[in-house]
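Let's take a friendly walk through this structure, one stop at a time. Have the sequence and the 3D view open side by side as you read.

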Amino acid sequence: MEKPLFTPTQIFSLKRKTIEKRMDRYFNDTHDAKQTIQILVALQVRDELAEEDFSFCMMELVRRILMKSKTSRTLRRYYIYFKNYFSSKEWKVVSLRLFAAKSFIKEKIEKVISQFITEPLQGLVGS
């Protein structure tokens with residue numbers, strides 16, 4: 001089993017600069033978006049609990065991962081925690097990118113449902 005990038009203690013005790021340096025090197029070497037995004041979520045928790053400022057930690061890396069990495073269940077699960085890292089227009093692009101199939105299916109289902117709802121009513125009204 002591969003050794004994790006950080007222990008839980010390290011996530012909550014290392015300085016921001018050290019964490020950013022290690023994470024940047026790790027992601028550039030491995031392109032492991034799953035572990036990287038999970039650590040970034042943990043750092044958001046640290047930002048809320050600790051006095052140190054971890055707000056918008058590694059913003060460029062987050063943006064690169066969510067806009068360019070292969071979509072995965074992990075990215076779809078945690079992407080919502082990074083909404084403030086994007087403009088509203090960019091956020092729509094990220095959402096569509098991560099949920100492309102679901103968006104497509106949802107649109108098709110809504111279209112079919114709207115046809116079934118309006119067509120029977122039109123037949124009753126004309127009778």
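Glutamate 20 sits in helix 2, which spans residues 16-30. Keep in mind that this is a predicted model. Cysteine 57 is 37 residues away along the chain, yet the C-alpha atoms of glutamate 20 and cysteine 57 are separated by 7.8 Å.

Cys57 also turns up beside leucine 43. Not counting residues up to four places away in sequence, leucine 43 touches Ile11, Ile19, Met23, Phe54 and Cys57.

From there, we can turn to the nonpolar core. The largest one has 32 residues, and Leu43 is among the members that touch the most others, together with Phe6, Met23, Ile37, Leu40, Leu66 and Phe82. Helices 2, 3, 4, 5 (73-78) and 6 (88-98) each supply at least two residues of this core. Helix 3 gives the most, with 7 residues. In soluble globular proteins, nonpolar side chains tend to be buried together.

Now look at how helix 3 (residues 33-49) meets helix 4 (residues 59-68): they pack at an angle of about 135 degrees, with their axes 11 Å apart. That angle makes helix 3 oblique to helix 4, and their crossing is left-handed. Helix 3 makes the contact through Ala33, Thr36, Ile37 and Leu40, while helix 4 uses Leu61, Val62, Ile65 and Leu66. Of these contact residues, 7 are nonpolar, 1 is polar and none is charged.

Technical notes:
Residues are numbered from 1 along each chain as its sequence is written. This is a predicted model: local features need pLDDT of at least 70, side-chain atom pairs count only at pLDDT 80 or more; totals for chains, interfaces and linings use all residues. Side-chain values use heavy atoms; hydrogens and water are left out. Axes are lines fitted to C-alpha atoms, for helices over the stretch in contact, and angles run from 0 to 180 degrees between N-to-C directions. Helices (H or I, at least four residues) and strands (E, at least two) are DSSP runs, numbered from the N terminus. Angles under 35 degrees count as roughly parallel, over 145 as roughly antiparallel, 65 to 115 as roughly perpendicular and the rest as oblique. A crossing is left-handed if the near helix is turned anticlockwise from the far one by less than a right angle, and right-handed if clockwise. Contact means heavy atoms within 4.5 Å. Ala, Val, Leu, Ile, Met, Phe, Trp, Tyr, Cys and Pro count as nonpolar, Asp, Glu, Lys and Arg as charged, and the others, Gly among them, as polar. A nonpolar core is a set of buried Ala, Val, Leu, Ile, Met, Phe, Trp, Tyr and Cys residues joined through side-chain atoms within 4.5 Å. Buried means under 20% relative accessible area, exposed over 50%, partly exposed in between (1.4 Å probe, protein chains only).
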